[in-house]
Amino acid sequence: MDKTYCGKASDFIVGNPMSSPIFEHAHVTSPVRSVEICRKDSLALTDEDRESCRLECERSTETKIIITHGTDTMW
């Protein structure tokens with residue numbers, strides 16, 4: 001969702017988080033709290049990054065959680 005092509009570098013880069021603009025565009029009126037856990041290409045994610053995500057979810061008081069992530073390392 002946040003990965004964009006950078007013509008200068010001729011490569012993909014992880015850009016600014018897009019979830020808030022997408023929620024605004026979709027006219028979501030419920031309050032949304034956004035937490036950035038790691039800004040990495042999904043190919044660079046480690047088990048420690050995944051553990052950080054899990055721990056953040058467990059600590060959350062929210063009852064609905066959306067996790068945005070790349071698909072390069074889904075299994």
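Colleague: Which residues does Asp 49 touch, leaving out those up to four places away in sequence?

Modeller: Asp 49 touches Cys 38, Lys 40 and Ala 44. A contact here means heavy atoms within 4.5 Å. This is a predicted model, in which local features need pLDDT of at least 70 and side-chain atom pairs count only at pLDDT 80 or more, while totals for chains, interfaces and linings use all residues. Residues are numbered from 1 along each chain as its sequence is written, and side-chain values use heavy atoms, with hydrogens and water left out.

Colleague: Where is Asp 49 in the fold?

Modeller: Asp 49 sits in helix α2, which covers residues 47-59. Helices (H or I, at least four residues) and strands (E, at least two) are DSSP runs, numbered from the N terminus.

Colleague: Is Asp 49 buried or exposed?

Modeller: Asp 49 counts as buried because its relative accessibility is 13%. Buried means under 20% relative accessible area, exposed means over 50%, and partly exposed is in between (1.4 Å probe, protein chains only).

Colleague: Which residue forms a salt bridge with Asp 49?

Modeller: Lys 40 does, and the closest N and O atoms of the pair are 2.7 Å apart. A salt bridge is a side-chain nitrogen of Lys or Arg within 4 Å of a carboxyl oxygen of Asp or Glu. Lys 40 is partly exposed, at 35% relative accessibility, whereas Asp 49 is buried.

Colleague: How many salt bridges does the structure hold?

Modeller: The structure holds six. One of them joins Arg 50 to Asp 47, with 3.4 Å between the closest N and O atoms.

Colleague: How far apart are Arg 50 and Asp 47 along helix α2?

Modeller: Arg 50 and Asp 47 are separated by about one helical turn, because they are three residues apart in helix α2. Arg 50 is partly exposed at 30% relative accessibility, and Asp 47 is exposed at 58%.

Colleague: And what does Glu 51 pair with?

Modeller: Glu 51 forms a salt bridge with Arg 54, where the closest N and O atoms are 2.5 Å apart. These two are also three residues apart in helix α2, so about one helical turn separates them. Both are partly exposed: Glu 51 has 32% relative accessibility and Arg 54 has 38%.

Colleague: Which residues are linked in a network of salt bridges?

Modeller: Glu 51, Arg 54 and Glu 58 are linked in one.

Colleague: Changing topic, how many disulfides are there?

Modeller: Zero, from a search of the whole structure. Cys 38 is in no disulfide, and the nearest cysteine sulfur, in Cys 53, is 7.7 Å away. A disulfide would be a pair of cysteine sulfur atoms within 2.5 Å.

Colleague: What about Ser 60, where does that lie?

Modeller: Ser 60 lies in the segment after α2. Ser 60 counts as buried because its relative accessible area is 19%.

Colleague: Which side chain makes a polar contact with the side chain of Ser 60?

Modeller: That of Glu 62, at 2.6 Å. A polar contact is a pair of N or O atoms within 3.5 Å; within protein, one must be able to donate a hydrogen and the other to accept it, and residues adjacent in sequence count only if both atoms are side-chain atoms. Not counting residues up to four places away in sequence, Ser 60 touches Arg 33 and Ile 65.

Colleague: Back to the whole protein: what pattern does it follow along the sequence?

Modeller: The pattern is β-β-α-α, from two strands and two helices. Buried residues make up 9% of the 75 residues. Of the contacts between residues at least 6 apart in sequence, 33% join residues at least 24 apart.

Colleague: Which elements have the lowest and highest mean pLDDT?

Modeller: Strand β1 (residues 3-6) has the lowest, 68, and helix α2 the highest, 93. The mean for the protein is 81, and 84% of its residues reach 70 or more. pLDDT is the predictor's confidence in each residue, from 0 to 100. Where it is low, the predicted coordinates should not be read in detail.
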